[in-house]
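Please read them with the coordinates open.

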Amino acid sequence: MAHERGSAPAVAGRTGPADRGTVERALTALRAVTDADLSDLLALAADLTGVEVAALAVADDESFHYPVTVGTDAFTTPYAEALCRRARGVPGLFEVPDTTLDPHLQDSPLVTGERAVVRFYASAPLTTSGGQEVGRFCLFGTRPHRLDEEQRRVLATLAVAANRILELRLRRLAPSRPPTADVVAIAAQVSHDLQSPLATLTMSLGMLEDDGLDAPTRSSVLATASRSVERMRGMVEGTLRLHDLAHEPPRHEAVDLRALVEQLVCDERDQWERSGGRVDVGALPTALGDPAQVTLVLQNLLQNARKFARPGHPPEVAVSATRVGDRVRVTVLDNGVGIAAERRARVFDLFARAGDAHGHGIGLATVARVVHAHGGRCGVDEVPAGAGAALWFELPGA
């Protein structure tokens with residue numbers, strides 16, 4: 001929620017600061033940046049909102065450091081003078097439409113003209129996987145300004161994408177988690193795959209510079225930009241989740257599979273309704289596994305079934321289960337585009353694509369990693385040509 005003039009952030013909603021070691025690693029990670037992924041995100045945020053400067057801030061006890069910037073050189077500001085001190089610890093987007101009207105900021109040298117003339121400020125938090133705030137994704141403008149709802153939404157999503165990229169860099173530097181082959185492969189692939197949505201964003205934002213756009217066209221272009229950012233966020237979050245699974249041994253407790261599927265369908269009701277699709281849930285038994293990780297498996301399979309629907313045909317999905325010895329086999333059958341026979345053997349591999357239309361090859365790799373960690377198997381059943389796809393996984397029975 002944006003904070004207006006004179007409204008102090010609620011202390012109860014604040015996040016805790018990161019420890020000194022994490023702050024130092026964050027600064028090291030950002031100062032060592034040689035590629036343009038984070039700078040591109042900042043540039044997109046600045047272009048979209050019409051501000052002159054965007055920056056990533058990292059705070060220690062004495063200063064706010066801005067090692068990655070667009071519109072100005074990297075800089076450091078004493079803690080007491082920094083505009084970011086007003087937002088530190090506030091979850092979500094923080095916005096000051098006019099800094100001269102904010103009693104906490106109006107005397108800062110960055111506002112008075114002694115060091116700069118900042119009239120607009122907005123930021124979103126950068127946090128660790130444990131929820132500690134390490135810094136802010138910041139915007140600075142020389143004129144009073146107020147973000148509209150579409151700008152807030154896209155800005156928040158860009159901040160999440162930047163946060164996930166920073167998290168990947170922090171994990172490489174964490175002393176207890178040296179880089180693995182998976183991390184290197186994932187980082188390389190994500191860096192490559194981000195170019196497509198970034199290109200779409202750049203094109204969309206270029207169109208927004210045309211003052212002659214009517215309101216419907218402008219709204220459509222913003223929606224396109226937002227979808228590209230959502231895709232970027234999904235890619236980065238998916239890679240982080242996949243990496244996390246290697247460090248999270250699964251628990252083994254009773255899991256009500258039917259209840260999990262029904263909850264997932266309920267949680268994504270809007271998406272199913274928009275697609276015109278439906279999910280038939282059969283008599284699913286109880287299995288043994290980690291509830292959170294099994295939920296991730298089912299979520300990825302259901303989303304995969306909806307994503308690869310045949311054009312012009314609402315997705316129809318059936319979830320069923322059978323006993324295979326002492327295991328439970330769950331099958332997710334859809335009426336979508338299907339999986340070519342030559343792709344079936346590798347569909348659960350990292351960065352393999354189940355179809356030609358979209359996807360970045362992370363979801364089914366996550367399914368495989370979870371299932372294998374539980375001592376189970378996963379695979380693809382043959383179905384008649386044009387009948388969709390049938391993906392299955394096995395878990396120990398309860």
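1. Two strands are taken to pair if DSSP finds at least two bridges between them. On that basis, in this predicted model, five strands form an open sheet with mixed pairing, and their order is β8-β10-β11-β13-β12. The edges are formed by β8 (278–281) and β12 (378–381), each of which pairs on one side only, and from one strand to the next the twist averages 25°.

2. Within this sheet, strand β11 (residues 327–334) and strand β13 (residues 389–396) run antiparallel and are joined by eight bridges; Arg327 stands opposite Pro396 of β13.

3. Helix α8 (residues 257–267) packs on the sheet, where it touches β8, β10 (316–324) and β11, and its direction makes about 170° with that of β8. Helix α10 lies across β8, β10, β11 and β13, and runs at about 175° to β13.

4. How do α10 and α11 cross? The axes of α10 (residues 291–307) and α11 (residues 363–373) come within 9 Å and cross at roughly 150°; because angles over 145 degrees count as roughly antiparallel, α10 is described as roughly antiparallel to α11. The crossing in which α10 passes α11 is left-handed.

5. Which residues make this helix contact? From α10, Gln293, Leu296, Val297, Asn300, Leu301 and Asn304 meet Gly363, Leu364, Thr366, Val367, Val370 and Val371 of α11. Sorted by class, the contact of α10 with α11 comprises seven nonpolar and five polar residues, with no charged residues.

Key
Residues are numbered from 1 along each chain as its sequence is written. This is a predicted model: local features need pLDDT of at least 70, side-chain atom pairs count only at pLDDT 80 or more; totals for chains, interfaces and linings use all residues. Side-chain values use heavy atoms; hydrogens and water are left out. Axes are lines fitted to C-alpha atoms, for helices over the stretch in contact, and angles run from 0 to 180 degrees between N-to-C directions. Helices (H or I, at least four residues) and strands (E, at least two) are DSSP runs, numbered from the N terminus. Angles under 35 degrees count as roughly parallel, over 145 as roughly antiparallel, 65 to 115 as roughly perpendicular and the rest as oblique. A crossing is left-handed if the near helix is turned anticlockwise from the far one by less than a right angle, and right-handed if clockwise. Contact means heavy atoms within 4.5 Å. Ala, Val, Leu, Ile, Met, Phe, Trp, Tyr, Cys and Pro count as nonpolar, Asp, Glu, Lys and Arg as charged, and the others, Gly among them, as polar.
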